[in-house]
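The following note sets out numbered remarks on the structure shown below. Each remark takes up a separate topic.

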Amino acid sequence: MDVTDRTSRELWVCHLGVVPYRDALAIQEQARARRQADELPDTLLLLEHPPVYTRGRRSGAQDLPFGEDFYRAKGIDVVGTDRGGKLTYHGPGQLVGYPIMRIDDVNRHLRTMEDAIVAALAEQGVPARSRHDEGIDYTGVWVGDRKIASIGVHVSRAVTTHGFAVNVHNDLEPFSWVLACGLPDVSMTSLAREASSECESLSCFRKRMAYAFARAHGRRQRLVSPARLGIDTANAARRAERAPIKTISSSLAEPVPA
């Protein structure tokens, strides 16, 4: 009997801390291969990234109007990925979730992620919603017309990588320097901005999110260590940096044209 037979009703949840984006890509590839081989059950990786813009398969040059070198000079890496969607930003204080799961319907997978995020935010008193019926560019979770969570995935041999990013108390200004999500008029928000009461810590929201994600999938969550998944985070932890992002002049931070 393989591990997935024994754990079919469980969702393994692993907290990785702060991991550079390129290292997280390698971790996902390793976990995906093990999931495809049924050496791991469905697993949710929860983490933060140092400042980085990630480009999805539908991202174009117009999404970075000042050029990649400009953003790197500001301390923000730029990385192309195989996930769906366009360009988004990750940084400290944002909760990132990478479900490594076997699925049979990608649209249902996206909607279930949205439902889980909406439920976790509701626990904090934030009335969020999905806008997927307005088109592919509106995938994610919104508070009114403000976007609080981004979603983009990749599926290979029925197993997912990439996932969601929820703005908890991260700096939102880097979103204004790019064409975020391919939407020229998008307004990004965060739990810290939207919560009527004091915003809880990222570690507390992480627990809410893990519970809501497992419940949305009808699973019982089981916390596991990186070592249990065969993940070595030591090198990644040494390379992760929380250095402040260099500021950008107001003349360069004008709204990006459509």
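How are α4 and α6 oriented to each other? The points below begin with that matter; the model under review is a predicted one.

1. Helix packing. Helix α4 spans residues 106–123 and helix α6 spans residues 202–216; their axes come within 8 Å and cross at roughly 135°. The two helices, α4 and α6, are therefore oblique to each other. The class follows because an angle over 145 degrees would be needed for roughly antiparallel, and 65 to 115 for roughly perpendicular. The handedness of the α4 and α6 crossing is right-handed.

2. Residues at the helix contact. On the α4 side, the contact is made by Thr112, Met113, Ala116, Ile117, Ala119, Ala120, Leu121 and Glu123. From α6, these residues meet Phe205, Arg208, Met209, Ala212, Phe213, Arg215 and Ala216. Sorted by class, the contact of α4 with α6 comprises 11 nonpolar, 1 polar and 3 charged residues.

3. Proline 99 and its surroundings. This proline belongs to strand β6, residues 94–100. Proline 99 is buried, its relative accessible area being 0%. Neighbours within four places in sequence aside, proline 99 is in contact with Thr43, Leu44, His109, Met113, Thr160, Thr161, His162, Gly163 and Phe213. The C-alpha atom of proline 99 is separated by 8.6 Å from that of phenylalanine 164, a residue 65 positions away along the chain.

4. Aromatic pairs. How many aromatic pairs does the count give? It comes to 8 aromatic pairs. In one of them, the ring centres of phenylalanine 70 and tyrosine 71 are 5.5 Å apart and the planes stand at 85°, so the pair is edge-to-face. Phenylalanine 70 and tyrosine 71 are both buried. A further pair joins tyrosine 89 and phenylalanine 175: the centres are 5.5 Å apart and the planes lie at 80°, so this pair is edge-to-face. Tyrosine 89 is in strand β5 (residues 87–90), while phenylalanine 175 is in the loop between β10 (159–167) and β11 (187–188), so the pair ties together parts 86 residues apart in sequence. Tyrosine 89 and phenylalanine 175 are both buried. Ring pairs link these residues with others into a cluster of Tyr53, Phe66, Phe70, Tyr71, Tyr89 and Phe175.

5. Most residues other than glycine have a negative phi. Aspartate 38 is located in the loop between α2 (21–36) and β2 (43–48), and is partly exposed at a relative accessible area of 26%. Alanine 158 is located in the loop between β9 (146–156) and β10, and is partly exposed at a relative accessible area of 31%.

6. The chain as a whole. The protein chain contains 7 helices and 12 strands. Of its 258 residues, 54% are buried. What share of the contacts between residues at least 6 apart in sequence joins residues at least 24 apart? In the protein chain, that share is 80%.

Terms used
Residues are numbered from 1 along each chain as its sequence is written. This is a predicted model: local features need pLDDT of at least 70, side-chain atom pairs count only at pLDDT 80 or more; totals for chains, interfaces and linings use all residues. Side-chain values use heavy atoms; hydrogens and water are left out. Axes are lines fitted to C-alpha atoms, for helices over the stretch in contact, and angles run from 0 to 180 degrees between N-to-C directions. Helices (H or I, at least four residues) and strands (E, at least two) are DSSP runs, numbered from the N terminus. Angles under 35 degrees count as roughly parallel, over 145 as roughly antiparallel, 65 to 115 as roughly perpendicular and the rest as oblique. A crossing is left-handed if the near helix is turned anticlockwise from the far one by less than a right angle, and right-handed if clockwise. Contact means heavy atoms within 4.5 Å. Ala, Val, Leu, Ile, Met, Phe, Trp, Tyr, Cys and Pro count as nonpolar, Asp, Glu, Lys and Arg as charged, and the others, Gly among them, as polar. Rings of Phe, Tyr and Trp (its six-membered ring) pair if their centres lie within 6.5 Å; planes under 30 degrees apart count as stacked, over 60 as edge-to-face and the rest as tilted. Buried means under 20% relative accessible area, exposed over 50%, partly exposed in between (1.4 Å probe, protein chains only).
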